[in-house]
Amino acid sequence: GSAAMDLLYKRGEAALDGGDAATAIGHLTALTDHAPDFAAGWHLRAVAFYLDGDFGPALADLAQTLALEPRHFPALTQLGSMLEELGDTRRALDAYRESLKIHPHQQDAEDAVKRLEQETQGTDA
């Protein structure tokens with residue numbers, strides 16, 4: 001919405017592109033503090049936390065993203081990826097499948113569903 005918020009988002013994005021997750025987190029925290037209803041800011045900060053190795057805050061920011069925008073398919077796909085990495089196959093599959101319902105042409109999510117379905121064949125996942 002505003003020039004200042006756009007600038008914070010762009011600075012956070014640029015820091016991530018430059019491999020500086022900590023700086024990105026700083027810019028994106030300012031953004032989420034000042035624009036708490038902006039789902040994309042929460043999602044980008046989740047990415048920064050994830051890249052910084054902070055899974056707890058990343059998952060919390062994904063939850064906030066999805067509370068604000070339940071159809072935010074990049075957040076759902078990222079959630080699936082993180083849950084898969086954490087070994088929660090059932091919930092990862094659910095997240096990937098929900099993301100694909102919204103945007104069915106995501107190769108990474110399609111591949112993940114196929115892979116996880118093969119791994120869990122014969123289980124309750």
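**Helix α5 and its neighbours**

In this predicted model, the axes of helix α3 (residues 39-51) and helix α5 (residues 73-85) come within 10 Å and cross at roughly 25 degrees. Axes here are lines fitted to C-alpha atoms, for helices over the stretch in contact, with angles from 0 to 180 degrees between N-to-C directions; helices are DSSP runs (H or I, at least four residues) numbered from the N terminus. The pair α3 and α5 is therefore roughly parallel (under 35 degrees; over 145 counts as roughly antiparallel). On the α3 side the contact (heavy atoms within 4.5 Å) is made by H43, A46, V47 and Y50, and on the α5 side by P74, A75, Q78, M82 and E85.

Residues are numbered from 1 along each chain as its sequence is written. Local features need pLDDT of at least 70, side-chain atom pairs count only at pLDDT 80 or more, totals for chains, interfaces and linings use all residues, and side-chain values use heavy atoms, leaving out hydrogens and water.

Then there's α4: its axis and that of α5 come within 10 Å too, crossing at roughly 150 degrees, so α4 and α5 are roughly antiparallel. Here F55, A58, L59, L62, T65 and L66 of α4 meet A75, L76, Q78, L79, M82 and E85 of α5.

As for burial (under 20% relative accessible area, 1.4 Å probe, protein chains only), α5 has A75, L76, T77, Q78, L79, G80, M82 and L83 buried. Their cover includes α3, α4 (55-68), α6 (89-102) and α7 (107-120). After α5 comes G87, with a positive phi near 90 degrees.

Notes. Helices (H or I, at least four residues) and strands (E, at least two) are DSSP runs, numbered from the N terminus. Angles under 35 degrees count as roughly parallel, over 145 as roughly antiparallel, 65 to 115 as roughly perpendicular and the rest as oblique. Buried means under 20% relative accessible area, exposed over 50%, partly exposed in between (1.4 Å probe, protein chains only).
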